[in-house]
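Below is a set of questions and answers on one protein model. Please look at the sequence and structure first.

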Amino acid sequence: MKGGRKNLKRDTEEVSLNFEDGHAIMEVLSLRGSNLIEVLDSQGKKSLALFPAKFQKSMWIKQGSFVVVDDSGKVKALESGSKVTCIVTKVLFYEQVRALRKLPDCYNSSQ
């Protein structure tokens, strides 16, 4: 149990991000209750994301926060009738978002 939290804390200190195929940065629009959140992608599409239990009690998010989600199974989930289309893999903190906004080819939200 301690090892997982230690690794989560280590990830928050990293400023650089490595994205895998199917990962995207999305903004949190609203908290839907328990472990569901509504997120907005760079094209302006809303979707529901699952906030895993490993983040609960160690990381908190609020409206306007940025998260990295894995939406590789989005098409398959929509075809099967599921409303939850992606899973949160990382929570971005202020320093990380600030560093990403300075990059020329990053996702910039409307300011």
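Q: Which element of the protein has the lowest confidence, and which the highest?
A: The model is predicted, and the mean pLDDT of the protein is 80, with 78% of its residues at 70 or more. Where pLDDT is low, the coordinates should not be read in detail. The lowest confidence is in helix α1 (residues 2-13), at a mean of 62, and the highest, at 94, is in β2.

Q: Which residues are the closest to the centre of the largest pocket?
A: The largest pocket holds about 180 Å³ of space. Its lining has 14 residues, and the closest to the centre are Leu31, Ser34, Ile37, Phe51 and Ile61.

Q: Which strand gives the most to the lining of the largest pocket?
A: Both β1 (23-33) and β2 (36-40) supply at least two residues of that lining. By class, the lining has eight nonpolar, four polar and two charged residues. With three residues, the strand that gives the most is β1.

Q: Is glutamate 38 buried or exposed?
A: Glutamate 38 is part of strand β2. Buried means under 20% relative accessible area. Glutamate 38 has a relative accessibility of 13%, so it counts as buried.

Q: With which side chain does the side chain of glutamate 38 make a polar contact?
A: Leaving out residues up to four places away in sequence, glutamate 38 touches Glu27, Val28, Leu29, Ser30, Arg32, Lys46, Ser47 and Leu48. The polar contact made by the glutamate 38 side chain, at 3.1 Å, is with the side chain of arginine 32.

Q: Why does threonine 85 count as buried?
A: Threonine 85 lies in strand β5 (residues 84-92). Beyond residues up to four places away in sequence, threonine 85 touches Ser47, Leu48, Asp71, Gly73, Lys74, Ala77 and Leu78. The cut-off for buried is under 20% relative accessible area. Threonine 85 counts as buried because its relative accessibility is 8%.

Q: What is the phi of serine 34?
A: Serine 34 sits in the loop between β1 and β2. Most residues other than glycine have a negative phi. Serine 34 is not a glycine, yet its phi is positive, at about 45°.

Q: Is serine 34 buried or exposed?
A: Serine 34 is among the residues closest to the centre of the largest pocket. Exposed means over 50% relative accessible area. Serine 34 has a relative accessible area of 74%, so it is exposed.

Note on methods:
Residues are numbered from 1 along each chain as its sequence is written. Side-chain values use heavy atoms; hydrogens and water are left out. On a 1 Å grid over the protein atoms alone, a cavity is a set of points where a 1.4 Å probe fits but cannot get out, and a pocket is an open set with protein on both sides within 12 Å along at least five of seven lines; lining residues have an atom within 4 Å of a point. Grid points are joined across faces, edges and corners, and a volume is the space filled by probe spheres set on the points. Helices (H or I, at least four residues) and strands (E, at least two) are DSSP runs, numbered from the N terminus. Ala, Val, Leu, Ile, Met, Phe, Trp, Tyr, Cys and Pro count as nonpolar, Asp, Glu, Lys and Arg as charged, and the others, Gly among them, as polar. pLDDT is the predictor's confidence in each residue, from 0 to 100. Buried means under 20% relative accessible area, exposed over 50%, partly exposed in between (1.4 Å probe, protein chains only). Contact means heavy atoms within 4.5 Å. A polar contact is a pair of N or O atoms within 3.5 Å; within protein, one must be able to donate a hydrogen and the other to accept it, and residues adjacent in sequence count only if both atoms are side-chain atoms.
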